Amino acid sequence: MQVGIGYDVHRLVENRKLVLGGVEIPYHLGLLGHSDADVLTHAIVDAILGAAALGDIGTHFPDTDPRYEGMDSLIFLQDTALKVTACGYQIENIDTTVIAQRPKLAPYISEIRETLARTLDIAVTQMNVKATTAEELGMVGEGKAIVAHAIACLSRR
Ligand code: MG
């Protein structure tokens with residue numbers, strides 16, 4: 001067994017879509033970034049790469065590469081799963097926490113979880129998504145950003 005952690009933060013701004021775990025969430029602000037800025041998916045990519053000791057999202061999918069502009073981050077996730085599989089690993093489980101003051105994420109958790117599990121080709125029971133607020137404290141609590149943490153457990157086949 002090998003475990004990896006992932007962390008990401010993106011700023012909330014106007015005129016951007018809010019995409020979390022590959023699901024578009026209706027909100028008047030969205031996350032700023034080179035790709036679709038899906039903070040949750042980015043944290044999961046880093047956790048999986050970390051567990052396999054394969055570096056980080058920035059080295060595999062650099063934000064200086066014009067090919068990745070506006071990119072659906074689920075493509076990064078799928079590509080990451082294929083990379084670790086090619087290295088002889090299989091994903092045992094992934095757990096995540098999204099920290100967002102607004103919008104309320106509870107109505108979207110099942111869809112996010114299903115979307116991520118499908119993309120990774122794992123069971124929904126191997127993919128967990130939790131959401132919490134920042135109790136109105138700091139950058140997240142003031143609604144300026146969304147943070148995501150992830151942990152991945154891989155086994156060697
Ligand atoms: Mg990111």
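Tutor: Helices (H or I, at least four residues) and strands (E, at least two) are DSSP runs, numbered from the N terminus. This is a predicted model; local features need pLDDT of at least 70, side-chain atom pairs count only at pLDDT 80 or more, and totals for chains, interfaces and linings use all residues. Residues are numbered from 1 along each chain as its sequence is written, and side-chain values use heavy atoms, with hydrogens and water left out.

Student: How many helices and strands does the chain have?

Tutor: Read along the sequence, the pattern is β-β-β-β-α-α-α-β-α-β-α-β. That comes to 5 helices and 7 strands.

Student: Which helix holds histidine 60?

Tutor: The helix in question covers residues 57–60. Histidine 60 therefore lies in helix α2.

Student: Is histidine 60 buried or partly exposed?

Tutor: Buried means under 20% relative accessible area, exposed over 50%, and partly exposed in between (1.4 Å probe, protein chains only). Histidine 60 has 22% relative accessibility, so it counts as partly exposed.

Student: Which residue's side chain makes a polar contact with that of histidine 60?

Tutor: Contact means heavy atoms within 4.5 Å. Leaving aside neighbours within four places in sequence, histidine 60 is in contact with Leu49, Leu54, Tyr68 and Lys83. A polar contact is a pair of N or O atoms within 3.5 Å; within protein, one must be able to donate a hydrogen and the other to accept it, and residues adjacent in sequence count only if both atoms are side-chain atoms. At 3.3 Å, the side-chain partner of histidine 60 is lysine 83.

Student: What share of the 157 residues is buried?

Tutor: The count runs over the chain's 157 residues. Buried residues make up 50%.
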